[in-house]
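Here's a quick tour of a protein fold, written for someone who likes to see how the pieces pack. Have the viewer open and follow along.

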Amino acid sequence: MSKLGEYKYGVNAIRAIIRATGKTPHEILNMKEALATDMEIGPVIIWAGMLWKQKTLTIDAVGDMLDLEDGLYIEALREAFSAFVFAFNRMFVPVTVPAEDESGTEKN
C-alpha cells in the first residue's frame, strides 16, 4: 500500500477520470509509458483512486501530498495505475459464458 493509502477504482472513480481528463480508460491504458511525465493525467489517476475514502478530495490536494516527499509521485502512480488496470479488467473484460447446445443446456 502506498504512503497515501489504498487505491480503488469503482464506477464513480472511472467516471471522475473521464470527466477530469476527457479520455476513456482504454485511451489512458494506451498511454502507459507517457503517464509518468504527464503531470495532468498522472495526478488525476492517483486522485480518482483515493476518492472512495474521501469524496471531497481535490486534485490540487493530492498534488500537495505528492510534493511532500521525493519519489512519492512515481511510487503512488505505479501503485495507482496497477489498481486502475486491475479494476479496468474486472469491469470491462467480458466474462466467458458457457455455450449452450441445441437442447438449451450448457455444454461441458
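## The overall picture

Keep in mind that this is a predicted model. Of its 108 residues, 36% count as buried. The accessible surface comes to about 7,200 Å², and carbon and sulfur atoms account for 54% of that.

Contacts across the sequence are worth a glance too. Taking contacts between residues at least 6 apart in sequence, 64% join residues at least 24 apart.

## Helix 3, wrapped up by the rest

Which helix is largely enclosed by the rest of the structure? That's helix 3: 10 of its 10 residues are buried, so the rest of the structure largely encloses it. Helix 3 spans residues 41-50, and its buried residues are Ile41, Gly42, Pro43, Val44, Ile45, Ile46, Trp47, Ala48, Gly49 and Met50.

The cover over these buried residues includes helix 1, helix 2 (25-29), helix 4 (59-66) and helix 5. Three of those neighbours, helix 1, helix 4 and helix 5, get a closer look below.

## Helix 1 against helix 3

Helix 1 takes in residues 11-21, and its axis comes within 9 Å of the axis of helix 3, crossing at roughly 155°. The two helices are therefore roughly antiparallel to each other. The crossing of helix 1 past helix 3 is right-handed.

On the helix 1 side, the contact uses Ala13, Ala16, Ile17, Ala20 and Thr21, while helix 3 brings Ile41, Val44, Ile45, Trp47 and Ala48. Sorted by class, the residues of this contact come out as 9 nonpolar, 1 polar and no charged.

## Helix 4 against helix 3

What angle do the axes of helix 3 and helix 4 cross at? It's roughly 105°, with the axes coming within 9 Å. Helix 3 and helix 4 are therefore roughly perpendicular to each other.

Pro43, Val44, Ile46, Trp47 and Met50 of helix 3 make this contact with Ile59, Val62, Met65 and Leu66 of helix 4. By class, that gives 9 nonpolar, no polar and no charged residues.

## Helix 5 against helix 3

Helix 5 runs over residues 72-92, and its axis and that of helix 3 come within 9 Å and cross at roughly 60°. That angle makes helix 3 oblique to helix 5. Helix 3 goes past helix 5 in a left-handed crossing.

Here Gly42, Pro43, Ile45 and Ile46 in helix 3 meet Tyr73, Ala76, Leu77, Ala80 and Phe81 in helix 5. The class count for this contact is 8 nonpolar, 1 polar and no charged residues.

## Zooming in on Ile17

Is Ile17 buried or exposed? This helix 1 residue has a relative accessible area of 1%, and the cut-off for buried is under 20%, so Ile17 is buried.

Leaving out residues up to four places away in sequence, Ile17 touches Tyr9, Gly22, Lys23, Ile28, Val44, Ile45, Ala48 and Phe84.

How values were computed: Residues numbered from 1 in each chain as written. Predicted model: local features only at pLDDT ≥ 70, side-chain atom pairs only at ≥ 80, totals over all residues. Heavy atoms only, no water. Buried < 20%, exposed > 50% of the residue type's maximum accessible area, 1.4 Å probe, protein only. Contact = heavy atoms within 4.5 Å. Areas by Shrake-Rupley, 256 points an atom, 1.4 Å probe, with all protein chains shown as cover. Axes fitted to C-alpha atoms, helices over the stretch in contact; angles between N-to-C directions. Helix = DSSP H or I, 4+ residues; strand = E, 2+ residues; numbered from the N terminus. Parallel < 35°, antiparallel > 145°, perpendicular 65-115°, else oblique. Left-handed = near helix turned anticlockwise from the far one by under 90°. Nonpolar A, V, L, I, M, F, W, Y, C, P; charged D, E, K, R; others polar.
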